[in-house]
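Me: I am new to this structure. Please take me through the terms one by one, and tell me what each label rests on.
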Amino acid sequence: MDAANRSEGPAIVPLRFSPLIGGFAGTSFRHEHLPAILAGGKQRGFFEVHAENYMGAGGPPHRALEALRRDHPLSLHGVCMSIGGPQPLDREHLARFRRLVDRYQPALVSEHLAWSTHETAYFNDLLPLPYTDATLERVCDHIDEVQNVIRRPILLENPSTYVAFRESTMSETDFIRGVAQRTGCGLLLDINNVFVSATNHGFSALQYLSAFPLSRVGQIHLAGHSWQTDDEDEPLLIDSHDCPVADPVWTLFETVIRRCGAIPTLIEWDSKVPDWPILKAEAAAAQAVLNRCHTIAPRAYRHAAA
Amino acid sequence: MPLLKQTSQSAYAAFAAGLIDPSRDTPSVVAGPNGKAVAKRYNVYRNNVTVSLIEALAAIYPAVQRITGVDFFRAMARSYIRATPPTSPLLFDYGREFPAFIEQYEHARPMPWLADTARIERAWLDVYHAADADPLSSDTLAAARPERMADLVFTAHPATRVVRSPFSVVTIFAVNRGADRAGRIDPSTPEDALITRPHLDVAVRHLPPGGAAFLTSLIAGHTLGEAAASALADFLSFDIASGIAGMIEAGAFVAVAIGDNDDH
């Protein structure tokens with residue numbers, strides 16, 4: 001490695017793209033794909049990384065992300081802020097998150113409507129929460145805190161779930177609408193999550209989408225799921241991100257894009273990751289849907305962006 | 001800020017309690033839709049948590065997994081996770097106590113070198129993620145006045161670690177991280193490792209006798225004279241000149257200065 005390419009402290013990477021990336025499809029970024037990506041020159045799309053993977057002090061992860069960021073817009077996707085949890089946010093973690101936002105100037109920043117930490121234990125999964133007035137207040141407080149610290153709005157992702165809490169008093173879509181209205185955050189609509197949850201809980205994915213505040217959606221996720229069975233031997237879908245996007249999810253995606261215009265769309269593939277050409281082709285399929293649409297969706301939360 | 005109602009707090013606690021404890025019943029705070037049962041549904045979360053943490057450990061300790069075999073490793077990792085769940089969302093920091101756990105793990109007793117192999121792997125990942133810095137060049141060191149050599153103190157590179165072992169763990173590590181099929185190794189030769197990352201690539205070196213005492217002393221901030229004495233006490237024939245050349249070549253330090261007991 002040429003010493004001249006290395007920097008002393010955190011490098012501020014200047015924005016090279018307009019943050020408005022409405023017409024683009026992107027993919028999850030894997031280090032093993034970097035040589036193939038760079039060899040292909042500047043791609044039209046964007047790349048998404050899990051924030052936690054870049055919270056180390058230095059080394060190859062940051063070199064790879066700098067190399068990618070030089071020519072491509074980035075989506076920074078937080079996985080373990082535990083926004084949906086009952087306890088205060090981890091301030092140290094939030095500070096690390098802010099440093100990444102400052103350093104890499106992502107076009108999109110997102111987190112999950114979920115929790116992963118209870119007391120001191122970190123469970124490394126996106127766990128479901130009860131939907132009540134009290135948890136709504138708490139989630140809003142957490143999002144206010146995140147947005148104040150990073151000084152920009154985030155996109156909040158709808159979860160995939162396998163169980164429901166008995167004490168829930170409102171629907172997920174009402175809960176999410178309430179959070180977006182109160183905090184001004186945008187939404188990351190994971191259409192695979194909608195399909196997985198709809199199957200698992202026996203509701204209509206289209207009705208969920210009708211009730212979802214689509215005007216606030218700033219990004220879409222598409223991913224593959226796997227099949228298991230529940231206690232009654234009926235299908236239980238698992239949000240596994242380890243295979244191509246399923247046909248019914250593509251159909252729902254086209255419905256949403258026809259209704260909303262072209263929204264930046266990401267192919268999420270985190271496990272059993274294929275070679276770059278396969279992932280790239282999956283993004284091209286999403287890009288083709290976006291290209292058929294002649295309007296780019298206005299970002300509802302854009303007024304809040306600096 | 002409104003406090004969460006007691007019910008919600010206990011709902012989270014009930015949900016969390018069974019995630020890594022298989023002896024717990026499915027929590028009664030959750031349900032399936034339309035009166036459906038919830039056991040297999042809740043087990044999806046249990047499985048996600050345990051399997052993802054096992055995979056995190058397998059990613060940190062691939063040589064250990066290769067030595068033990070996958071089934072052995074997963075059983076050992078599962079016991080570790082139940083005893084020591086992560087306390088940070090940064091999974092590359094997880095498993096610091098895993099080498100000590102391996103040392104106590106009954107089924108690993110026939111492999112006494114396994115824990116030190118794990119220590120090298122843990123050090124490897126710490127070095128991989130450590131802060132970047134330009135290593136000390138031999139030119140900078142050559143500029144030091146010869147009569148003050150013994151008073152020099154060095155600043156370790158953030159990505160420098162030393163692991164000492166009474167077993168052949170550098171060889172065991174290298175063979176089990178390589179692509180080749182592992183052959184028989186005599187595990188009983190003591191081997192010390194120096195792990196560095198002067199630029200992009202992590203390097204694991206087998207230190208000569210006395211080398212670990214020498215570097216450990218320098219990393220602790222002792223003078224070159226004191227470090228040389230430590231190295232000679234450890235190994236009488238320690239070659240100081242090649243010890244210095246080796247540490248520069250490995251990029252183990254970033255700066256050098258005349259020590260605090262400087263008297264002019």
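Me: What share of the contacts in chain A with a separation of 6 or more comes from residues 24 or more positions apart?
Reply: The share is 79%. Two residues are in contact if their C-beta atoms, placed from the backbone, lie within 7 Å. This is a predicted model: local features need pLDDT of at least 70, side-chain atom pairs count only at pLDDT 80 or more, and totals for chains, interfaces and linings use all residues. Residues are numbered from 1 along each chain as its sequence is written, while chains are lettered from A and ligands numbered from 1 in the order in which they are written.

Me: How many helices and strands are there in chain A?
Reply: Chain A has nine helices and 13 strands. They are DSSP runs, numbered from the N terminus: helices are H or I with at least four residues, strands are E with at least two.

Me: Why are H4(A) and H5(A) called oblique to each other?
Reply: Look at the angle. The axes of helix H4 (residues 133-150) and helix H5 (residues 172-183) of chain A cross at roughly 40° and come within 10 Å. Axes are lines fitted to C-alpha atoms, for helices over the stretch in contact, and angles run from 0 to 180 degrees between N-to-C directions. Under 35 degrees counts as roughly parallel, over 145 as roughly antiparallel, 65 to 115 as roughly perpendicular, and the rest as oblique. H4(A) and H5(A) are therefore oblique.

Me: Which residues make that contact, and how do they divide?
Reply: H4(A) brings A:Leu136, A:Val139, A:Cys140, A:Ile143, A:Asp144 and A:Gln147. H5(A) brings A:Phe175, A:Gly178, A:Val179, A:Arg182 and A:Thr183. They divide into six nonpolar, three polar and two charged. Ala, Val, Leu, Ile, Met, Phe, Trp, Tyr, Cys and Pro count as nonpolar, Asp, Glu, Lys and Arg as charged, and the others, Gly among them, as polar.

Me: Is A:Asn124 buried or exposed?
Reply: A:Asn124 counts as buried, because 25 C-beta neighbours lie inside 10 Å. The cut-off for buried is 20 or more other C-beta atoms within 10 Å; 12 or fewer is exposed, and in between is partly exposed, with C-beta atoms placed from the backbone. A:Asn124 is in strand S6 (residues 121-127) of chain A. Its phi is near 55°, a positive value in a residue other than glycine.

Me: What about A:Lys272: buried or exposed?
Reply: A:Lys272 has 10 other C-beta atoms within 10 Å, so A:Lys272 is exposed. A:Lys272 is in the loop between strand S13 (265-268) and helix H9 (276-291) of chain A. Phi is near 45° here, again positive in a residue other than glycine.

Me: How much of chain A counts as buried?
Reply: Of its 306 residues, 49%.

Me: What makes S8(A) and S1(B) a pair?
Reply: Two bridges join S8(A) to strand S1 (residues 30-31) of chain B, and the two run antiparallel. Strands pair if DSSP finds at least two bridges between them. A:Phe165 stands opposite B:Val30.

Me: How many residues does the contact take from each chain?
Reply: It takes 45 residues from chain A and 50 residues from chain B. S6(A) gives the most to the side of chain A that touches chain B, with six residues. That side divides into 19 nonpolar, 14 polar and twelve charged.
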